[in-house]
Amino acid sequence: MSRSLKYDIPGEDRRVTLEEIREKGLPALFGPELSGAHPLVVELGFGRGEFLRHLAAEAPGTAHLGVELSFKRVLKMSRRIAREGDPNIRLIEARAEEVVPELPDAGVAAFWINFSDPWPKKRHHRRRLVQPALVETLSRKLEPGGHLDIATDHVDYAEHIDAVLKAAPGLRNRLHPVPFAREMPGRRHTAYEDEWRAEGRPLHFFCYARRRSSAR
Ligand SMILES: C[S@@+](CC[C@H](N)C(=O)[O-])C[C@H]1O[C@@H](n2cnc3c(N)ncnc32)[C@H](O)[C@@H]1O
C-alpha cells in the first residue's frame, strides 16, 4: 500500500527558490541563523539528505545548500530539517545545472556529488550530471583551493568522470597520482552507497580542488 505524502512543514520551511537566490543573493537566505560572511558548501542531488545533514552538523558555522531535482525528496527533507533543526541548511528543488550558475563566483568552499545517476545506456549518456560544461562552471564557482568531491559505483561513469575532471584546467587531483580512491575512511556513507556496498559494487571517490595558481 502506498503511503500518502505529508505536505505540512512542522517548523521553519528551509526551502528557497532560484528567484530568491537571484533577487536576494544566497548569503541573505541563510539569515538570521547565519549572518555575516560564512563558507558555503553545496551538495548536488542530495537524495534522502543524510549526507548533507551530517556535513551541516559537523560545521555549524558553514552554510549548506542542498540541490535536488525530486519534489518528493525535497519535501521529505524539508519536513525532517524543520522537525530536527539544522539551522545552517537550505534546500532548493531544481536541476543542479540551473542552480550552479546562480552561485557566487569563487564563493563555494566545496561541492559534493554523490552517486548521481549513471545513465548506463550510451544514448542516455548526455543526461549524466557530470559533464564538461557543468564541471567548468563548478570550477569557476569554487574558491581557490575549494573542493569538488564526486562518488560513483558505476565503472563506465567513473571512466567518464575521470576524463572530464582530468580535462578541466582549473582543477587539480588531490589524490594524484591515483585517479580515485576505493575507500575514504571516516567518510559518512550515503543511502545509495550503502545499497551499492551491500551488492559489492566497486566504489570510486574522486577528490579534486580548484587550483590556487598554475602550480599543481
Ligand atoms: C542515485 S540518487 C543518489 C542520492 C544520494 N546522493 C545518495 O548518494 O544516496 C541521485 C539523486 O540525484 C537527483 N538528481 C538527478 N539529476 C539531478 C539534477 N540534474 N540536479 C539535481 N538533482 C538531480 C535524483 O533525484 C536523485 O535523488
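A backbone N or O atom of N114 lies 2.8 Å from a nitrogen atom of the ligand. The model is predicted: local features need pLDDT of at least 70, side-chain atom pairs count only at pLDDT 80 or more, and totals for chains, interfaces and linings use all residues. Residues are numbered from 1 along each chain as its sequence is written, and side-chain values use heavy atoms, with hydrogens and water left out.

| Protein atom | Ligand atom | Distance |
|---|---|---|
| N114, backbone N or O | nitrogen | 2.8 Å |
| A96, polar backbone atom | nitrogen | 2.9 Å |
| L69, backbone N or O | nitrogen | 3.3 Å |

Of the 600 Å² of accessible area that the ligand has on its own, the protein covers 90% (Shrake-Rupley method, 1.4 Å probe).

The shell around the ligand holds 19 residues, and the closest are G45, E68, A96, N114 and T190; a residue counts if one of its heavy atoms lies within 4 Å. By class, 8 shell residues are nonpolar, 5 polar and 6 charged, with Gly counted as polar. Helices α4 (96-99) and α7 (191-198) are the elements that give two or more residues to this shell; helices are DSSP runs (H or I) of at least four residues and strands (E) of at least two.

Elsewhere, the structure holds 5 aromatic pairs, with ring centres within 6.5 Å and planes under 30 degrees apart counted as stacked, over 60 as edge-to-face and the rest as tilted. F115 and F205 form an edge-to-face pair, 6.4 Å centre to centre with 90 degrees between the planes. This pair ties together parts 90 residues apart in sequence, because F115 lies in the loop between β5 (108-114) and α5 (132-141) and F205 in strand β8 (residues 204-210).

Terms used
A polar contact is a pair of N or O atoms within 3.5 Å; within protein, one must be able to donate a hydrogen and the other to accept it, and residues adjacent in sequence count only if both atoms are side-chain atoms. Rings of Phe, Tyr and Trp (its six-membered ring) pair if their centres lie within 6.5 Å; planes under 30 degrees apart count as stacked, over 60 as edge-to-face and the rest as tilted.
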